[in-house]
Structure formats: C-alpha cells, structure tokens
Amino acid sequence: MNFVEFFAGVGLVREGLSPDGWECVWANDISQDKKDTYVKNYGENDFFLDDVWNVVKSPALIPDSAFLYTASFPCTDLSVAGGRAGLAGSESGTLNAVLEIISLKKKNGNQPKVVLLENVKGFLTSHQGKDVANTVKIFSALGYYVDLIELDAYFFTPQSRSRVFLVAVDEEVAGSVMCIKEKNRILTDWWSIFDRNPDLRSVKVKNIIKQNESLNWGIFDIPTPHRTRLVLGDIIETDIDENSSVWWNDERKDHLFNQMSDSHQTILNGMAIKQCYSYGTVYRRMRKGKSTAELRTDGVAGCLRTPRGGSSKQILIRAGYDDWRVRLLTSREYARLQGVRDDFILPENANKGYFAMGDAVCVPVIQYLSNNVLTPLFNKWEMNTSNGLDQRC
Ligand SMILES: C[S@@+](CC[C@H](N)C(=O)[O-])C[C@H]1O[C@@H](n2cnc3c(N)ncnc32)[C@H](O)[C@@H]1O
C-alpha cells in the first residue's frame with residue numbers, strides 16, 4: 001500500500017497511515033524546518049524539499065506506484081482568520097498544483113486510485129462553496145467520485161479541531177466501495193446515510209451536493225467515531241518543576257485574570273479552592289477592539305494554531321489547593337493533543353514545535369480514515385483486480 005504525501009510537514013499523515021501498513025514512497029514540502037523534523041523521524045530517503053509548483057514541471061519525480069495521494073494543503077486563504085482569497089490565494093491555491101499533477105499522471109494512466117485532501121471547514125464555505133464545488137468538478141472530469149467527510153479531533157483527543165476531508169476515488173474502484181449517486185439523480189436512501197451520521201457530513205455538505213448534483217458524488221457508509229474519554233488533564237506534562245521559569249509571575253497572572261470576564265473569573269476562583277488540580281486553557285482574542293482572555297474548562301483544548309504574531313499560543317491554567325498557576329502549553333502537550341506518540345522527535349526550539357504541531361493533522365483522525373475508508377478501499381481494489389469483480393452499492 002504505497003502513498004505519496006504532498007504538504008507533508010513533519011509527517012503526521014504518515015504517522016496515521018503507517019500502523020495499517022501504508023508505505024510512504026515520496027513526500028514533498030517547501031519548509032526546511034518541517035523537513036528537519038520529518039527526517040529526524042523517518043530518514044531522508046523519501047523527502048523532496050521544494051515548491052510543489054516545481055513538481056508540476058517534473059511529475060516523473062513521483063513514483064507511479066502510489067495508490068494514494070494525500071494533501072493537507074495550506075489553510076491560510078480558507079480560514080476565517082485569513083483574507084479568504086480561497087483557492088485563488090497563493091497559499092491555499094497550491095492545491096491547484098496537486099490537481100495539475102494528478103491530471104498529468106492521468107494522461108499516462110498513472111493517476112492515483114485515491115486522493116485524500118484535508119483542510120479547515122472554511123474549505124466548504126470559501127467563495128460561497130464555489131471553491132470546493134470547482135475542486136469536485138475537476139475530480140469528476142478526471143474520472144473520480146468524491147465524498148466530503150467532516151471529522152473533529154475531539155472524537156479522539158481532548159482538542160477541538162474540526163476539519164474537512166475530501167476523498168476522491170477513481171471510477172475504476174469507486175462503484176465497489178462507495179454508494180455512488182446516479183447521474184443527475186440522488187436516491188432517497190442515499191440521504192439516509194447522511195442522516196444516520198450527521199456529525200460526519202453537515203447540512204453544508206448536503207447543500208453543496210444539492211447545488212452541484214451533476215458532479216460525481218459517492219459516499220462511504222462509515223460509522224461516527226466514539227468519543228474519547230481523555231480530557232485535558234490526561235495529556236499534561238506533570239513533571240515540570242514548580243520553580244521553573246515557564247510558570248508566569250504574579251504580574252502576568254494578574255494581567256491575564258483582569259482580561260477575563262466576571263463569569264470566567266468566578267469559574268477560576270471556584271477551581272482554585274478545590275483540593276485537587278483541575279485544568280483549563282485560555283485563548284487571547286480581540287473582542288470589540290479589546291484584548292480578552294477566554295477560559296475553557298470543559299476538559300478540551302481549543303484548536304491548536306501556528307503561533308503567527310505570537311498571540312495564538314494556547315495558555316494552560318492549573319488550579320487547585322487554594323492556588324492557580326499559568327504557563328503556555330508545551331510543544332509536547334501540543335503533540336499529545338494531536339495524538340502523537342511521545343517518542344516522536346519534536347524540534348528542539350519550542351516555537352518551531354508549536355509551528356510543527358499547530359499546522360499538522362490529528363494522527364488518530366487519519367488512523368480512523370485509514371481503518372474505515374483507505375485501507376478497505378485498497379483491499380477491495382486488490383481483490384477486484386485479482387478476480388475482476390464490480391459490486392455496486
Ligand atoms: C497544513 S500544513 C500540512 C502539515 C502536515 N500534514 C503535517 O502533518 O505536518 C501545510 C504545509 O504545506 C507546506 N507548503 C506551503 N506552501 C507550499 C508549497 N508551495 N510547496 C510545498 N509545500 C508547501 C507548508 O510548509 C506546510 O508544512
């Protein structure tokens with residue numbers, strides 16, 4: 001089971017696929033820092049450091065043996081925090097390079113059988129849904145059937161991180177593994193698959209399909225994951241010295257406290273008087289032109305981000321035994337929130353660690369997709385190619 005990883009970053013897609021036996025035959029990213037971490041964990045052999053647009057000029061660089069291409073392409077132009085240039089933007093627009101590569105491979109009959117894209121939920125709404133619809137249109141024209149699946153990291157780790165996955169399956173395989181839509185007609189029982197698992201495909205997805213019915217849609221009838229029992233307190237590094245300089249001094253603590261609303265201050269005071277530790281996270285946000293500190297105490301961290309501008313690092317509060325203390329989450333704690341094993345080598349520089357993890361995919365989310373979609377797909381394709389079967393759903 002060979003795959004190729006575009007926008008590989010530090011390799012967390014690979015982390016999620018490897019346990020099922022997927023083998024990365026080629027990986028690409030433009031960032032030297034990301035490459036350094038990737039290579040420390042997986043070695044140098046497969047990594048091609050360059051702008052993906054340069055790969056378009058030499059698609060032969062990519063081994064033809066790859067069954068699967070993955071691309072967790074930059075979200076900068078799709079996220080609500082960005083300028084929302086969408087796929088016309090220079091960063092998120094790098095998806096177009098991957099689509100061109102697939103098209104070039106198709107001309108030689110070497111296209112991947114499956115493509116997995118990952119991005120923020122803004123992908124569904126960018127340019128009023130036109131960006132995602134155009135992407136599906138391109139895949140349809142290339143002979144793929146497409147499913148859109150929404151998954152939140154909180155099913156697997158104590159982090160709220162909602163993402164959309166586009167799975168495109170070559171028509172040669174699609175009919176035997178997906179419930180595919182007949183041309184220009186969506187079957188009523190097709191929608192019941194959506195309604196059984198509303199967490200996996202929101203009304204937004206349904207509307208995109210309804211507005212673009214003529215495209216090649218196919219869906220996987222997969223279960224909604226069970227929600228993890230892990231909470232924030234379970235991923236905390238507990239061996240940090242009480243005298244370490246990572247803990248904030250009283251002046252910084254007071255400043256943070258004063259940025260909280262009255263109700264959040266009351267919650268924090270309540271946590272502090274308990275005779276056990278409890279944990280919360282704080283995000284600084286601008287509200288009506290004022291910098292505020294928002295406390296979250298439901299046992300789930302907010303969505304990790306890359307610390308551009310320095311304001312988006314996640315703050316940890318530990319309260320209990322008539323006290324409360326504050327520090328930033330460590331990059332190892334970031335990694336744990338992304339479901340990364342503790343022996344995964346992180347950058348020594350904490351800031352690079354925050355970048356690596358804030359940008360990355362949540363490993364068990366990829367494992368879930370591997371277990372429920374990608375690996376069964378490969379197995380079915382292998383079985384079909386050996387006995388010529390075509391079982392329509
Ligand atoms: C959302 S991150 C993907 C992270 C990755 N999946 C991981 O688990 O670490 C997007 C990646 O795209 C890379 N990137 C941005 N522009 C690129 C380009 N023009 N060519 C290749 N890679 C690019 C960034 O360096 C970043 O690592």
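I267 touches L295 and T297 when residues up to four places away in sequence are not counted, two residues being in contact if their C-beta atoms, placed from the backbone, lie within 7 Å. The model is a predicted one, in which local features need pLDDT of at least 70 and side-chain atom pairs count only at pLDDT 80 or more, whereas totals for chains, interfaces and linings use all residues. Residues are numbered from 1 along each chain as its sequence is written. I267 is placed in helix 11 (residues 262-272), where helices (H or I, at least four residues) and strands (E, at least two) are DSSP runs numbered from the N terminus. With 17 C-beta neighbours inside 10 Å, I267 counts as partly exposed; a residue is buried if 20 or more other C-beta atoms lie within 10 Å of its own, exposed if 12 or fewer, and partly exposed in between, with C-beta atoms placed from the backbone. I267 and L295 are separated by 28 residues in sequence and by 8.7 Å in space, C-alpha to C-alpha.

The domain assignment divides the chain into domain 1 (2-225 + 361-387) and domain 2 (238-329), the bounds coming from an automatic or database domain assignment. The centres of the two domains, taken over C-alpha atoms, are 36 Å apart. To the contact between them, domain 1 contributes five residues and domain 2 six residues. On the side of domain 1 that touches domain 2, two residues are nonpolar, two are polar and one is charged; here Ala, Val, Leu, Ile, Met, Phe, Trp, Tyr, Cys and Pro count as nonpolar, Asp, Glu, Lys and Arg as charged, and the others, Gly among them, as polar.

The largest nonpolar core has 105 residues, and those with the most contacts inside it are V114, V146, V167 and V169. Such a core is a set of buried Ala, Val, Leu, Ile, Met, Phe, Trp, Tyr and Cys residues joined through C-beta atoms within 7 Å. Helix 14 (residues 363-387) gives the most to this core, with nine residues. Both domain 1 and domain 2 give residues to the core, so it lies between them. Beyond four places in sequence, V167 touches V114, L116, V146, D147, I149 and V373.

Helix 4 (residues 95-107) comprises 13 residues and reaches 19 Å from its first C-alpha to its last, close to the 18 Å expected at 1.5 Å a residue, the expected span being 1.5 Å times one less than the number of residues. In this helix L95, V98, L99, I101 and I102 are buried. Seen down the axis of helix 4, the buried residues fall within an arc of 155°, so they line one face of the helix; the arc is that of the directions from the helix axis to the C-beta atoms. These buried residues pack against strand 1 (2-6), helix 3 (52-57), strand 4 (68-71), strand 5 (114-120) and helix 6 (130-141). Just after helix 4, G109 takes a positive phi of about 75°.

In helix 2 (residues 32-42), the buried residues are K34, K35, T37 and Y38. Viewed down the axis of helix 2, they fall within an arc of 165°, so they line one face of the helix. The elements that cover them include strand 2, strand 3 (47-49) and helix 13 (350-358). Helix 2 is followed by G43, whose phi is positive, near 90°.

V25 is located in strand 2 (residues 23-29) and, with 17 C-beta neighbours inside 10 Å, counts as partly exposed. Not counting residues up to four places away in sequence, V25 touches N2, V4, D46, P63, S65 and A66. In helix 13, the position of Y354 is buried, with 24 other C-beta atoms within 10 Å. Leaving aside neighbours within four places in sequence, Y354 is in contact with T306, P307, K313, S331 and Y334.

Positive phi values also occur in residues other than glycine, including F7, whose phi is near 50°. F7 lies in the loop between strand 1 and helix 1 (12-17) and counts as buried, with 25 C-beta neighbours inside 10 Å. H127 likewise has a positive phi near 50°, and this residue is found in the loop between helix 5 (122-125) and helix 6. With 15 C-beta neighbours inside 10 Å, H127 counts as partly exposed.
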